Amino acid sequence: MWRRLGRDGEQTLTDALDNPDGHALYRAQEARADTEDKQRRAAQREAERPVCTRCGRKFTNERWEEITVHRTAVRAGDKTVCGPCHADDVAREEAAAEAGRLEAAAPPEPEKDPESGRGRGWFRRRP
């Protein structure tokens with residue numbers, strides 16, 4: 001009788017040398033190692049995830065990708081703020097631009113002349 005490392009019970013010499021479930025054990029170990037590797041990578045990615053300088057929230061995947069991808073990084077705005085803070089900035093800028101457009105489109109108010117009351121009497125002409 002033989003006792004193999006990692007196996008329960010005793011086996012005969014031919015069973016021990018045959019190793020019929022060696023491939024299944026290898027696949028199980030490989031699957032376990034892959035799972036541990038994925039967990040390690042996910043933890044490392046979370047540790048590298050940027051944090052908003054304004055509110056302290058971590059960036060979403062979309063915002064993180066937006067600030068790192070070259071084509072969209074130009075339009076990303078402030079790269080130190082998260083998505084909601086960036087949306088607030090954009091809304092604030094749009095509101096300021098809209099207020100500027102409304103102010104430019106509004107007719108100018110007539111200016112009150114401090115001397116307009118003067119010269120209006122019985123014998124003076126009106127301008």
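These are my notebook entries on a predicted model of a protein.

**Ground rules.** I number residues from 1 along each chain as its sequence is written, and side-chain values use heavy atoms, with hydrogens and water left out. For this predicted model, local features need pLDDT of at least 70 and side-chain atom pairs count only at pLDDT 80 or more, while totals for chains, interfaces and linings use all residues.

**Fold.** I looked up the secondary structure and found 5 helices and 2 strands. I took helices (H or I, at least four residues) and strands (E, at least two) as DSSP runs, numbered from the N terminus. The order along the sequence is β-β-α-α-α-α-α.

I checked how much of the protein is buried: 13% of the 127 residues. Buried means under 20% relative accessible area, exposed over 50%, and partly exposed in between (1.4 Å probe, protein chains only). Next I took the contacts (heavy atoms within 4.5 Å). Among contacts with a separation of 6 or more, 18% link residues 24 or more positions apart.

**Surface.** The accessible surface comes to about 11400 Å², and carbon and sulfur atoms hold 53% of that. Areas are from the Shrake-Rupley method with a 1.4 Å probe; for residues, only the protein chains shown count as cover. I then searched for patches. Their residues have over 30% relative accessible area and no salt bridge; like charges are joined within 9 Å, nonpolar side chains (Val, Leu, Ile, Met, Phe, Trp, Tyr) within 5 Å. Trp2, Leu13 and Leu17 make a nonpolar patch of about 340 Å². Leu17 sits in helix α1 (residues 13-18). Leu17 counts as exposed because its relative accessibility is 67%.

**Cysteines.** I looked for disulfides (pairs of cysteine sulfur atoms within 2.5 Å). The count is 0. Cys52 is buried, at 4% relative accessible area. For Cys55, the closest cysteine sulfur is in Cys82, at 3.5 Å, also too far for a bond. Cys55 is partly exposed, at 36%.

**Helix α3.** I asked which residues of α3 (residues 61-68) are buried. They are Arg63, Trp64 and Ile67. These lie on the same side of α3, because they cover an arc of only 100° around the axis. I took the arc from the directions from the helix axis to the C-beta atoms. Glu62 and Glu65 are exposed on the other side of α3.

**Salt bridges.** Side chains of opposite charge can pair when their charged atoms come close. I required a side-chain nitrogen of Lys or Arg within 4 Å of a carboxyl oxygen of Asp or Glu. The whole structure has 6 salt bridges.

- Asp37 and Arg40 meet at 2.4 Å, N to O. Both lie in helix α2 (residues 22-48), 3 residues apart, about one turn of the helix. Asp37 is partly exposed at 24%, and Arg40 is partly exposed at 48%.
- Arg49 and Glu46 meet at 2.9 Å, N to O. Arg49 is buried, at 10%, whereas Glu46 is partly exposed, at 35%.
- Arg101 pairs with Glu98, their closest N and O atoms being 2.5 Å apart. They are about one helical turn apart because 3 residues separate them in helix α5 (residues 83-105). Glu98 is partly exposed, at 35%.

Last, I looked for shared partners: salt bridges join Asp37, Arg40 and Arg41 into one network.
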